[in-house]
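User: I'm new to this one and would like a close look at a single part. Could you walk me through the biggest pocket and what sits around it?

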Amino acid sequence: MTKLSNRKVAILATDGYEQSELEKPRDALLSEGAEVHIVSLKAGQIRGWDENDWGRSVDVDKTIDVVSPGDYDALVLPGGQINPDILRTDQKAVKFIKSIFEAKKPIAAICHAPWLLAEAGIAKGLHLTSYHSIRTDMENAGARWEDSPVVVDQGVVTSRNPDDLPNFCGKVIEEICEGRHESRAA
């Protein structure tokens, strides 16, 4: 039996997600037996960003309007500049993120994705990291920012960039294994 058998994980993304930041966590979760759904704003496919140009597309499994936090054991938020900037303007996406947090389930955000934590009002007081260019945004949202490959606080896993993916994926799996974080203040 694998570590994440019987666990369902949502990866919330839209066009412009950093390709490696969606694919590597997805593949790591699948290899540990998790059921993984790509959740997006629209049906069909979404297209990744691969360093300096458009990359591969992935199929969307569910749209944000048909999922609920009760469907999932955890949430992964890939970065890239475009993806989280679009998602943070969508109230259903922001509400979904906040509801996962309030249900005390693990959330993982890498690169620019912590913008979504700020938008959902859950970055305040959290110890986290992000892509260096949004450090001030995170601090202005009340987060305690640090320049580390991976930071975990109350089941919220954050990393800086694709170079941190090995650490990020390992911590995401560990936090999902731990389950709900009952000590988290909703």
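Analyst: The largest pocket has a volume of about 210 Å³. A pocket here is an open set of points on a 1 Å grid over the protein atoms alone, where a 1.4 Å probe fits, with protein on both sides within 12 Å along at least five of seven lines. The points are joined across faces, edges and corners, and the volume is the space filled by probe spheres set on them. Keep in mind that this is a predicted model, where local features need pLDDT of at least 70 and side-chain atom pairs count only at pLDDT 80 or more, while totals for chains, interfaces and linings use all residues. Residues are numbered from 1 along each chain as its sequence is written, and side-chain values use heavy atoms, with hydrogens and water left out.

So who lines the pocket? The lining, meaning residues with an atom within 4 Å of a point, consists of Gly16, Glu18, Trp49, Glu51, Gly80, Gln81, Ile82, Cys111, His112, Tyr131 and Pro162. That splits into five nonpolar, four polar and two charged residues. In this scheme Ala, Val, Leu, Ile, Met, Phe, Trp, Tyr, Cys and Pro are nonpolar, Asp, Glu, Lys and Arg are charged, and the others, Gly among them, are polar.

Let's zoom in on His112, one of the lining residues. His112 sits in the loop between strand 8 (107-110) and helix 4 (114-119); helices (H or I, at least four residues) and strands (E, at least two) are DSSP runs, numbered from the N terminus. His112 counts as buried because its relative accessibility is 3%, and buried means under 20% relative accessible area with a 1.4 Å probe, protein chains only. Setting aside neighbours within four places in sequence, His112 is in contact (heavy atoms within 4.5 Å) with Gly79, Gly80, Gln81, Pro84, Tyr131, Ser133 and Ile134. Among these partners, Gly80, Gln81 and Tyr131 also turn up in the pocket lining.

Now for the strands. Strand 8, on one side of the His112 loop, pairs with strand 7 in the parallel sense over three bridges; pairing takes at least two DSSP bridges. Val76 has Ala108 of strand 8 as its bridge partner. Strand 7 (residues 74-77) points Ala74 and Val76 one way and Leu75 and Leu77 the other, and all are buried. Strand 1 (residues 8-12) also runs parallel to strand 7, joined by three bridges, with Val9 partnered to Ala74.

Notes
Buried means under 20% relative accessible area, exposed over 50%, partly exposed in between (1.4 Å probe, protein chains only).
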